[in-house]
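User: I'm new to this one and would like to learn how to read it. Could you walk me through it, feature by feature?

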Amino acid sequence: EAKRNGRNQYEFFRCDMEEVARHRLDVETDLRQALTSHELLLYYQPIKNSANMALSGYEALLRWNHPTKGLIPPLQFIPIAEETGLIHEIGMWVLVEACREAMRWPPEQVVSVNLSPIQFGRRNLVDRVKGALATSGLAPQRLELEITESVLLDETQRNLETLRQLKQLGVRIVLDDFGTGYSSLRYLRTFPFDKIKIDKSFINEVCESREALAIVRAITSMSRSLDIETTAEGVERAEQVDLLQREGCSHLQGYLFGRPGRLDILDEGRVTLSALQQGLLPAPDLQP
Ligand code: C2E
Ligand code: MG
Ligand code: MG
Ligand code: MG
């Protein structure tokens, strides 16, 4: 009896695993197709300068417009792209596309692009970034590369050297999701980041939780003394803006100022958020 149960469980488990594997294979096959079929697209989310609330630029956020499954958020396919190595090609497409898009914006506006730690595994990352700048004609100062601390967890020396070379190109290096993971202050000593993004989990609670406030305050004051800019991500309420301005956060990003959306060119070459994003058309909300 026990044996039979065990066996059933095993088979059940195996079925489950097969399903997971099949799903991954489906995604992988479709993802290879996605690049050539132009199913990938970039959404852009505005980032404000907190001192004058001017638009300082946009973060490019990847979406997959799947032919049958519809719009798929990045966290559902980027891990698979990373495991299969497809992230190299996808990442390059994102870089070139984002730089090209930014060329249409006023010259003081900056574009932020997320880099996967896997992309640091290719020796020619620096050349590829250089290539994206050359192809698009974008000034390097207008490109921000967002990385997470995992880039500095293994292959530390090699990746640090890559970061230094990227910085030498003139692009700005941003530490994303600060405060999550291992996030130690050590990372701020290993590399001169231009900007830190305070993870939205802290911003979310900053008005209610003394601990969250203390952490935000520590990050902003430390960044100020190290001459590093700070972006608060996930700003959703006006009361958070007041507080974050008082704490000296230099930039603000969140649904309050706009969800990630398509950018369309309107009259006179002026860039505005598209009707889609403003909710004039049904916009699929991808946030969980
Ligand atoms: P991230 O770089 O930390 O991007 C910020 C995420 O927070 C985005 O999710 C954005 O839509 C969401 N967000 C912005 N404001 C708010 C807010 O007020 N409230 C809440 N709840 N969420 C907010 P998204 O677009 O789903 O992207 C998730 C992650 O996927 C990104 O996190 C980034 O790590 C990754 N990702 C996105 N695009 C790319 C890409 O082109 N390449 C790579 N390697 N990773 C990407
Ligand atoms: Mg980011
Ligand atoms: Mg982030
Ligand atoms: Mg985040």
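Analyst: Happy to. Keep in mind that this is a predicted model. Let's begin with a metal site: the magnesium ion (ligand 4) has Asp 177 (OD) and Glu 233 (OE) as its protein donors, 2.2 to 2.7 Å away from it. Those two come from distant parts of the chain, with Asp 177 in strand 6 (residues 172–178) and Glu 233 in strand 8 (residues 229–233), 56 residues apart.

User: Which residues coordinate the magnesium ion (ligand 3)?

Analyst: Three of them: Asp 176 (OD), Asp 177 (OD) and Glu 233 (OE), at 2.0 to 2.4 Å. Written along the sequence, the spacing of these donor residues is D-D-x55-E.

User: And what coordinates the magnesium ion (ligand 2)?

Analyst: That ion has Glu 59 (OE), Asn 114 (OD1), Glu 146 (OE) and Asp 176 (OD) around it, at 2.0 to 2.2 Å. Along the chain their spacing reads E-x54-N-x31-E-x29-D. Here too, distant parts of the chain are linked: Glu 59 sits in strand 2 (residues 55–66) and Asn 114 in strand 4 (residues 110–114), 55 residues apart. Glu 59 is buried, because its relative accessible area is 5%, while Asn 114, at 28% relative accessibility, counts as partly exposed.

User: How far apart are the magnesium ions?

Analyst: Asp 176 does that, bridging the magnesium ion (ligand 3) and the magnesium ion (ligand 2), which are 3.8 Å apart. Asp 176 is buried, with a relative accessible area of 8%. From the magnesium ion (ligand 4) to the magnesium ion (ligand 2) it is 6.0 Å.

User: Let's zoom out. How many helices and strands does the chain have?

Analyst: There are nine helices and eleven strands. The chain has 288 residues, and 44% of them are buried. To see how the fold ties itself together, check the sequence separation of its contacts: of those with a separation of 6 or more, 64% are between residues 24 or more positions apart.

User: How do I read two helices packed together?

Analyst: Two packed helices are described by the angle between their axes and the distance between the axes. Take helix 3 (residues 86–102) and helix 4 (residues 125–136): their axes come within 8 Å and cross at roughly 35°. The crossing is right-handed. Helix 3 brings His 88, Met 92, Leu 95, Val 96, Cys 99 and Arg 100 to the contact, and helix 4 brings Arg 128, Val 129, Ala 132, Leu 133, Thr 135 and Ser 136. By type, the contact residues are seven nonpolar, three polar and two charged.

User: Which residues of helix 9 are buried?

Analyst: In helix 9 (residues 238–246), they are Gln 240, Val 241, Leu 243 and Leu 244. These pack against helix 7 (200–205), helix 8 (210–225), strand 8 and strand 9 (251–253). Just after helix 9, Gly 248 has a positive phi of about 85°.

User: What does Thr 231 touch?

Analyst: Thr 231 is in strand 8, and it is buried, with a relative accessible area of 1%. Leaving out residues up to four places away in sequence, Thr 231 touches Ile 47, Lys 195, Ile 196, Lys 197, Ile 198, His 251, Leu 252 and Gln 253.

User: Where does Leu 152 lie?

Analyst: In the loop between strand 5 (143–147) and helix 5 (156–169). Leu 152 is buried, at a relative accessible area of 5%. Beyond its neighbours within four places in sequence, Leu 152 contacts Leu 160, Leu 163, Tyr 187, Thr 190 and Phe 193.

User: Last one: what is the mean pLDDT of the chain?

Analyst: It is 88, and 86% of the residues reach 70 or more. Over residues 265–271, though, the pLDDT is below 50, and that stretch has eleven contacts in the model beyond near neighbours in sequence. Residues 278–288 are also below 50, with 15 such contacts. Where pLDDT is low, the predicted coordinates should not be read in detail. For the model overall, the scores are ipTM 0.98 and pTM 0.89.

Key: Residues are numbered from 1 along each chain as its sequence is written. Chains are lettered from A and ligands numbered from 1 in the order in which they are written. This is a predicted model: local features need pLDDT of at least 70, side-chain atom pairs count only at pLDDT 80 or more; totals for chains, interfaces and linings use all residues. Side-chain values use heavy atoms; hydrogens and water are left out. Donors are N, O and S atoms within 2.8 Å of the metal (3.2 Å for Na, K and Ca); water is not among the atoms, so sites may look incomplete. Helices (H or I, at least four residues) and strands (E, at least two) are DSSP runs, numbered from the N terminus. Buried means under 20% relative accessible area, exposed over 50%, partly exposed in between (1.4 Å probe, protein chains only). pLDDT is the predictor's confidence in each residue, from 0 to 100. Contact means heavy atoms within 4.5 Å. Axes are lines fitted to C-alpha atoms, for helices over the stretch in contact, and angles run from 0 to 180 degrees between N-to-C directions. A crossing is left-handed if the near helix is turned anticlockwise from the far one by less than a right angle, and right-handed if clockwise. Ala, Val, Leu, Ile, Met, Phe, Trp, Tyr, Cys and Pro count as nonpolar, Asp, Glu, Lys and Arg as charged, and the others, Gly among them, as polar.
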